[in-house]
Structures are given as structure tokens and as C-alpha cells.
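Subject: Handover of a structure and its findings

Dear colleague,

Please find the structure below, together with its sequence.

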Amino acid sequence: MPLQKTKFIWMDGEWKDWDNAKVHVLTHALHYGTGVFEGIRCYDTVKGPAIFRLKEHISRLYNSAKILRMEPKWTVMEFMEACKEGVRKNGLKACYLRPVIYRGYGEMGVNPFGSPVSAFIAIWPWAAYLGDDGLKNGIKVITSSFTRHFVNSVMTKAKITGAYINAVLAKMEAHEQGFVEAIMLDINGEVCEGTGENIFVVKDGEIKTVPLSSSILGGVTRDTVIRLARDLGYTLKEETITRDELYIADEVFFTGTAAEVTPVVEIDRRKIADGKVGQVTKNIQSKFFDIVNAGDSRYDKWLTHV
Ligand code: PPE
């Protein structure tokens, strides 16, 4: 789906017209993947547009920058303000925010220190990442033939642009085989995550997700689901998951800012249980949408009204 243009993009402190938000071809990040980014959703809640867990996302962005040795010129607070202003300035309600901090134009060569640290925030409306039907009826996925990065290769707790080539390879393979998404295994052959989602399984009423000690990205949605599942009274463990465990699970679902809570109903041509969205997934998904839409005041602290 082509991008839906909006009016303004914040670039290094200035609001540029969408069509004029440009970088030089010798931008360091374009050659070496030296950028870090976030994906954040703003929901058109019953109390007006609100950005979901903005602080946690911008904190992760700054941690990613720290890992890549980039010092942004703006404070976390200034960056958060720019996000809010961007939603307002573009006249948007429900939308997706994409802040990026990257090494710009300065020097060529792998050494990044001679290139300035720049930043931008682009914002546009982004529909259901894995499709409306996927959100409702679940998706069919495959296990990727590509292994998820080893943590000491690219630092998987940082959301580094260059690291996404691993996800791109897996995504192309899945698409060309007729599937919307792939599950990636880590170097030990254990379940890691989707190309842009964390993964959860349900077995005998208990929920399990891959621990942070694995090479996953520490998803904000993952954290949201862990908390809300426990609040709903479920037992939730963070433990290693094997590939065959997925096949015989009662339910499987993905979480992510873009993917939200998407049920997985088939893996490697094996139906998960009866191949229909399970009750635990339905309960978690419905509570998730309730929270992001400001329907449960206990979680209002997660909403930043613009
Ligand atoms: N793992 C990976 C590798 C990942 O990229 C994401 C987000 C997650 C887990 C879930 O994290 P969180 O969004 O904090 O719950 N992927 C973003 C980019 C998707 C894209 O295609 O671009 C996102 O969901 O915004």
C-alpha cells in the first residue's frame, strides 16, 4: 500500500513540507544503516487523539542511540513535544509516528564519528499492519529460513535501521511463498520473534512469551500485553519457546505497535488448534484495544493526549 502523505515532517527542529523532507545521497545511514528508529501509534480515543506509551518509545529510541554511540541534540522531553506537535500540526487523529535518529552527511567510510547526528519525525495514517482480516481472523505464517541476528552481531535491544535487513530477507521469503509474516528462530534454533513483532503462545490456559534475555527487541506492546494479561488474572511466563511447541500450542499471537495484537492461526501449514482465533487471544486483543482507546482509566497513564 502506498504511503498516505501528510503535511509536515519534523527535521532537526524544523517543520518541512512532506515533499521537501530530503537527505543527501551520501547520508551515512543510507550506506551503513547507522540509524535508530521507533514506531509509535496515536489512537483517536474517546477522549481525543492520544499517543500510546510515548515516553517508553522515546526512551527506547534514546537507548538505541546510546548503544550506537549517537548523542541527539534534543532532550527526550523536546522530542516528545515534537511528536505531539506533529500530530496536531498535521491535523491527524489516528496515525503512526516514525522518529529516526541517524548519522547524516559528513564523511564517507564506516567510521561514523565524522558524520552529524540528525533526526526526523514523520507521521502518517497507517492501517492494520497485517491486514484488517488478519487482525480479526488471524494470519498464516511460516518459519523463516533466515536466522534472527545473534545479539552480539547487531545489538538486538536497539532498534537499528541497518539490522532490519535481516527482517527484510525473512519478509520477502514469506511473501513470495504466499504468507504475510515469518517467525524467526535465533542462533540456538529457538523461537525469537516475527520480523516486526514479538510472539506469545497459549497452552492449557497459561501464556508464555520469549524472555528478554533472548535476541528479541523489548517490545512496548509486549510489555503492555504482559501487564494486561496479568491484570486479567492470567499466568504469564517469560520462557524459551521451541518451534514444535508452537505447532501444538492452543493459541499463538503476535504483538507490535504496527501489528497491535494479531492472532496467528497457522504455522508452517499446520493449523494452530482448530485454526480459529482462540478465546485467550480474543480477550487480550479486546482489552488491548479498550486500553489504547482510553476505555479503561486504570491505564490512562499510558496515553499522552496531543
Ligand atoms: N520486534 C521487532 C523486530 C520489531 O521491529 C518490533 C516493532 C517489535 C518486536 C514490537 O515492538 P513494539 O512495537 O515496541 O511493541 N516493529 C515496528 C516496525 C514495523 C515496520 O514494519 O516498520 C512497529 O511495530 O512499529
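The account begins with the largest pocket, whose lining is made up of 33 residues; nearest its centre lie Phe37, Arg98, Tyr129, Tyr164 and Gly196. Please note that this is a predicted model. Two or more lining residues come from each of H2, E6, H6, strand E10 (191-194), helix H7 (220-231) and strand E14 (251-256). With 4 residues, H6 contributes the largest share of that lining. The space in the largest pocket amounts to about 790 Å³.

The structure also holds cavities, 3 of them of 30 Å³ or more. The largest cavity contains about 80 Å³ of space. Its lining consists of Arg148, His149, Val154, Met155, Thr156, Ala158, Lys159, Ile160, Ala163, Tyr164 and Leu217.

Which residues of H6 are buried? They are Asn166, Ala167, Ala170, Glu173 and Ala174. These residues cover an arc of only 130° around the axis, and therefore sit on the same side of H6. An α-helix has 3.6 residues a turn, so residues three or four places apart point the same way. After H6 comes Gly178, which has a positive phi, near 90°.

I turn next to the nonpolar cores. The largest has 28 residues, and those that touch the most other members are Ile51, Ile58, Phe79, Val87, Leu97 and Ile101. At least two residues of this core are supplied by each of strand E4 (40-45), helix H2 (54-67), helix H3 (76-89), strand E6 (95-103) and strand E7 (117-124). Apart from this core lies another, of 23 residues, which include Phe200, Ile226, Ile284 and Ile291.

Leaving aside residues up to four places away in sequence, Val87 touches Cys42, Ile51, Leu92, Lys93, Cys95, Leu97, Ile123 and Val306. Ile101 is part of strand E6. Its relative accessible area is 0%, so Ile101 is buried. With residues up to four places away in sequence again not counted, Ile101 is in contact with Thr34, Gly35, Val36, Leu61, Tyr62, Met70, Pro72, Phe79, Val117, Ser118 and Ala119. Ile101 and Asp12 are separated by 89 residues in sequence, while their C-alpha atoms are 9.6 Å apart in space.

Several loop residues were also examined. Asn90 is in the loop that runs between H3 and E6. Is Asn90 buried or exposed? Its relative accessible area is 6%, below the 20% limit, so Asn90 is buried. Beyond residues up to four places away in sequence, Asn90 touches Thr6, Lys7, Phe8 and Ile123.

Pro125 belongs to the loop between E7 and helix H4 (132-137). At a relative accessible area of 21%, Pro125 is partly exposed. Its contacts, not counting residues up to four places away in sequence, are Gln4, Thr6, Leu92, Ala94 and Cys95. Pro125 and Pro263 are 138 residues apart in sequence and 22 Å apart in space, C-alpha to C-alpha.

Finally, two residues other than glycine have a positive phi. Arg53, in the loop between strand E5 (48-52) and H2, has a phi near 50°. Arg53 has a relative accessibility of 4% and so counts as buried. Ala273 also has a phi near 50°, and its place is in the loop between strand E16 (270-271) and helix H9 (279-292). Ala273 is partly exposed, with a relative accessible area of 48%.

With kind regards

Terms used. Residues are numbered from 1 along each chain as its sequence is written. This is a predicted model: local features need pLDDT of at least 70, side-chain atom pairs count only at pLDDT 80 or more; totals for chains, interfaces and linings use all residues. Side-chain values use heavy atoms; hydrogens and water are left out. Buried means under 20% relative accessible area, exposed over 50%, partly exposed in between (1.4 Å probe, protein chains only). The arc is that of the directions from the helix axis to the C-beta atoms. A nonpolar core is a set of buried Ala, Val, Leu, Ile, Met, Phe, Trp, Tyr and Cys residues joined through side-chain atoms within 4.5 Å. Contact means heavy atoms within 4.5 Å. On a 1 Å grid over the protein atoms alone, a cavity is a set of points where a 1.4 Å probe fits but cannot get out, and a pocket is an open set with protein on both sides within 12 Å along at least five of seven lines; lining residues have an atom within 4 Å of a point. Grid points are joined across faces, edges and corners, and a volume is the space filled by probe spheres set on the points.
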